[in-house]
Amino acid sequence: MNNLKISIFCIVAMFGYTSSAQVSSDHNSRSEKKIDSILKLMTLEEKIGQMTMYNGSWDLTGPPGTVSAKDKFEKLKNGKIGAMLNVTSAEATREAQKAVMKHTRLKIPLVFGYDVIHGYKTIFPIPLGESASWDLELMEKTASIAAKEASAAGIHWTFAPMVDVSRDARWGRVMEGAGEDPYFNSVVGVARIKGFQGDDLSSAHTIAACAKHFAGYGFAEAGKDYNSVDVGVYELHNSILPPFKAAAEANVATFMNAFNEIDGIPATAHKYLQREVLKDGWNWEGVMVSDWGSIGEMIAHGYARDKTHAGELAIKAGSDMDMESSAYEIGLKSLIEENKVSMALVDDAVKRVLRLKMKLGLFEDPYKYANPDREKAEIYSESHQEIARDAARKSIVLLKNDTLQTDKSPLLPLKPDQKIAVLGDLADDKDTPLGNWRARAERKSAISLLEGIKNAVDPENITFARGPQFVIDNLEEGKRQFLWPLKFNKNDTTGTAEALEVAKNSDVVIITMGENAYQTGEGRSQVDIQINKVQKEFLKKIRKVNPNTVLVLMNGRPLNLSWESENIPAILETWHLGSQAGNAIADVLLGKYNPSGKLPVSFPRSVGQEPLFYNQKNTGRPYSRNTVTFSGYTDSEKSALYPFGFGLSYTSFKYDNLKLSDTTMTKNGKIVASVEVTNTGKKDGEEVVQLYIRDLIGSLTRPVRELKGFKKILLKTGETKTVSFEITKNQLEFYTANKIWDVEPGNFRIGIGNDSRTKLGAKFQVLE
Ligand code: NOJ
């Protein structure tokens, strides 16, 4: 055997007896030694291969590149590709892995990534919708099921969770995160990471997670996707970075950088963010992958001259893996040869990639995830459907529930003997509830609202009428992402007369409206965030013939519901709820589940208020003193129509006796805040008890209030519970004018209540 063969033989033998479940420092140092020994064997081309990711062309989630599928296969065999995305199924991933294991010199396994955003085949609510459950355990559970299904199909790595704070309803990607609040995005992001990754990345049921998009992507100017971001360093640290910091602390395996520039520097080439803050500052050891083509896009940004230059900027800034730009492949070799980039930077990136593969256990068994038997047995199982139904009903937010009926009861829940009109083609739509990022869901596989309600009440009591046609079936496989011009709605009004007749002859009307599944998501920014005109006209007509109208919304972004909130007595926000949407909506409509969802985003009165978020700054002119010269609008109130944290229940809750254990504390001390919550209504119900804090004076101006804790509790009718929150440094610190995270001495106010309008009553002081 020559030397190289002996070394390779040794590496393979070493992996043979390694248990990846061991996480001791001893194990870590052994792993690091192995990584070093592999690195020593690698040629520069092989190293660049490990830093290169290509789309498998099975499913496009970005603009098509120029490399053909055939060429990619050749590259695989030559060790020029270390990672692939959008190759799904046990069979397909095995085939690609086989090419690498059979033909490449060092047999370093491929890692397969995929956008498993809200489920793989069993689809859960879109992330924004699921966040409305405020149920962290549930979100961890659904992510773990998504991981279980995806891993059975050979996927090792999901590009989720998106932890971008998003405050602009015009931005279509608001659907993919946890909304407008940094703290909320942090805790939701961590729950999802735990769900995907579990305790042991090498288990065949867990996959690597990815905190994205680093950073600022959700702050796109004017809500226009991919647009420039212009925030200062304080805003960056206080509003954008906290969820990423939480993700790094939760050991998320990977990060993805972003398409946008921040203050003139594309995120992909942002050295301060990727090296100073993330890798050095937070000591994070994972893989930073670029977004799709984002290295190459620096040419269009006007930041790089060509792909070689773009690659230079990206590697220097800390981007370890190039997704679909071919920039590292094209330019990195000459950059090294010309001493423009040091080998140390390349080695660091490659070590990160090898570390990920080792943690996933791929060196022990490159095929262990791709399991056709598991794929058949575990994907879309009955137990997964049950959890999908539970997640869906917990995500529904009751926005309004007035009393109109002759018996003086609120419109919802419905009574089983009522004659129910179910209207609107979204009610009969088995596709829209799957949402935009639906991974490998079968098209039209969701339970529709009509099916759900028919499963729940005597079908004799239900009459369905489509009304004007809204849903458009333009979503041929493979083309769905890039159809342009995008046409979401049909405006065919035949069917209106029949629906009016049905409405007239029913006790109550359930009318569905909202957005097409693909109307939110990447590249789906809009300037108009009302429900479309044809739907609204229809709604007005129905409301006239039957005032007992319940509006069921299906949408992916906050909508402007000004007219609806004035004129429609009951409104239910159901987002895009996934595989079990219809059953879950029926559970809530019929009172089998008492709604407990709360909005993770503010719903505006008008699109002109965007970006709109509750944790804004006070400004120097916060109030109207009977003049127009204050910070507001002359043609609208400045508050949200439905605020962050808001959501009704079929019961009512009373908050009493807000108490603090002390009125002063030291920086490292603790105060306990408590409140009594009573269920004063006639139904058992869950309530999300929310803690808000305001730091009154700071070295930088501070938001008017910030969410700093929440607890979801179940209260039986008549029951009272005391809910307490510990207030420590964690809730009070911020990135100060000294550019450190610190608690500044001074006065704070707190409030505990059921939405972000909660009165801030109690006051305490942090001592010098
Ligand atoms: C572009 C998106 O911005 C990113 O979130 C996604 O993971 C990649 N495409 C891969 O599909």
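These legends accompany a few close-up views of a predicted model.

View 1. Welcome to the structure! The chain is divided into domain 1 (1–112 + 345–380), domain 2 (381–599) and domain 3 (653–766). Domain 2 and domain 3, which feature in the next two views, have C-alpha centres that lie 35 Å apart.

**View 2. Where domain 2 meets domain 3.** Here 7 residues of domain 2 are in contact with 9 residues of domain 3. The size of an interface is often given as the accessible area lost when the parts come together. Between them, domain 2 and domain 3 bury about 590 Å², with 41% of it on carbon and sulfur atoms. On the domain 2 side, look for Asn594, Ser596 and Lys598: these residues lose the most area to domain 3, and together they account for 72% of what that side buries.

**View 3. Salt bridge and polar contacts at the interface.** Across the interface of domain 2 and domain 3 there is 1 salt bridge, and 5 residue pairs are in polar contact. The side of domain 2 that touches domain 3 has 2 nonpolar, 3 polar and 2 charged residues. In a salt bridge, the side chains of Lys598 and Glu687 meet at 3.1 Å, N to O.

**View 4. The second largest cavity.** Rolling a probe the size of a water molecule over the atoms shows where empty space is left. Across the whole structure, 10 cavities of 30 Å³ or more are found. The second largest cavity has a volume of about 80 Å³. Its lining includes Ile117, His118, Gly119, Phe124 and Pro127, and also Glu130, Thr142, Ala143, Ala146, Arg192 and Phe196.

Definitions and conventions. Residues numbered from 1 in each chain as written. Predicted model: local features only at pLDDT ≥ 70, side-chain atom pairs only at ≥ 80, totals over all residues. Heavy atoms only, no water. Domains from an automatic or database assignment. Contact = heavy atoms within 4.5 Å. Buried area = accessible area lost by both parts, 1.4 Å probe. Salt bridge = Lys/Arg side-chain N within 4 Å of Asp/Glu carboxyl O. Polar contact = N/O pair within 3.5 Å; in protein donor to acceptor, adjacent residues only side chain to side chain. Nonpolar A, V, L, I, M, F, W, Y, C, P; charged D, E, K, R; others polar. 1 Å grid on protein atoms, 1.4 Å probe; cavity = no way out; pocket = protein on both sides within 12 Å on 5 of 7 lines; lining within 4 Å. Points joined across faces, edges and corners; volume = space filled by probe spheres on them.
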